[in-house]
Amino acid sequence: MTAQSHGWGAIAPWVARWAHLVPSNGHVLDVASGAGRHSLYFAAQGHPVTAVDRDADALISLQARHAALPQPAGRLQTLCADIENAPWPLSETFDAIVMTNYLWRPLWPALRSALAPGGVLVMETFALGQETIGKPSRPAFLLAPGEALQLAGDLRVVAYEDGFEPPSEASPTGRYVQRLTATSPGTPSSPLGRM
């Protein structure tokens, strides 16, 4: 994938809806960030952000776009890593993990371990049914009904959606998606009552 095809555009509405759960100055991990639309959003809010992607060109683009943000912007660290074919490259924990349009099931235990106590996971990706209207079409990249809930394990589910999203300007054919927002056990980093 190139920087031009992944990670550009506006923040995903699902991420925007739940961004308030990220604590002030909470460290955000953007998984498979591409050119970093979510990294830039959280950095603009003053959050330190770590963006991980295997596309070095996309990360270079992200760094340039981050440098152009009005100050003070949150610190941005980029990491070029193949998180599917190498060990998990990070040892720290994060107050929030954001992952959209990406699925690699073996990564989920590492993601749950990387979530700080009370941290929030916000994810959105394609679901079965998508293969009937476009790409991705391989089952390896599509969540089965309810699968995001299973992958979340012991996380506390705050919100979950699974179904067909009608056609829109961003997705002319519509799309099948699953969305999950969940928090890790421990002291909440942000009050859930602010939903």
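Colleague: Which handedness does the β-α-β unit of strand 4, helix 4 and strand 5 have?

Modeller: In this predicted model, the unit is built from strand 4, helix 4 (residues 108–114) and strand 5. Strand 4 covers residues 94–100 and runs parallel to strand 5. The handedness of the β-α-β unit is right-handed.

Colleague: How many bridges join strand 4 to strand 5, and which residue stands opposite phenylalanine 94?

Modeller: The parallel pairing of strand 4 with strand 5 rests on six bridges. Within strand 5, the residue opposite phenylalanine 94 is leucine 115.

Colleague: How many residues of strand 5 are buried?

Modeller: Strand 5 comprises residues 115–126 and is mostly covered. Buried here requires under 20% relative accessible area. Of the 12 residues in strand 5, the number buried is 11.

Colleague: Which element gives the most to the largest nonpolar core?

Modeller: The largest nonpolar core has 27 residues, and Val31, Ile97, Trp108 and Leu180 have the most contacts inside it. Strand 1 (28–31), strand 4, helix 4, strand 5, helix 5 (147–152) and strand 7 each supply at least two of its residues. With four residues, the element that gives the most to this core is helix 4.

Colleague: How many residues does the second, separate core have?

Modeller: This second core is separate, and its members include Trp18, Val28, Val49 and Val98. Its number of residues is 25.

Colleague: Which tryptophans is leucine 180 in contact with, leaving aside its neighbours within four places in sequence?

Modeller: Among the contacts of leucine 180 are Leu121, Val122 and Met123, as well as Ala148, Leu149 and Ala152. Val157, Ala159 and Tyr160 also belong to this list.

Colleague: Why does glutamine 71 count as exposed?

Modeller: Glutamine 71 is placed in the loop between helix 3 (56–67) and strand 3 (76–80). Exposed requires over 50% relative accessibility. Glutamine 71 therefore counts as exposed, its relative accessibility being 60%.

Colleague: Which backbone atom lies 3.2 Å from a polar side-chain atom of glutamine 71 in alanine 73?

Modeller: The side chain of glutamine 71 also reaches the backbone oxygen of leucine 69, at 3.2 Å. In alanine 73, the atom at 3.2 Å is the backbone nitrogen.

Key:
Residues numbered from 1 in each chain as written. Predicted model: local features only at pLDDT ≥ 70, side-chain atom pairs only at ≥ 80, totals over all residues. Heavy atoms only, no water. Buried < 20%, exposed > 50% of the residue type's maximum accessible area, 1.4 Å probe, protein only. Pairing = 2+ DSSP bridges. Right-handed = clockwise from strand over helix to strand, strands pointing away. Polar contact = N/O pair within 3.5 Å; in protein donor to acceptor, adjacent residues only side chain to side chain. Core = buried A, V, L, I, M, F, W, Y, C linked by side-chain atoms within 4.5 Å. Contact = heavy atoms within 4.5 Å.
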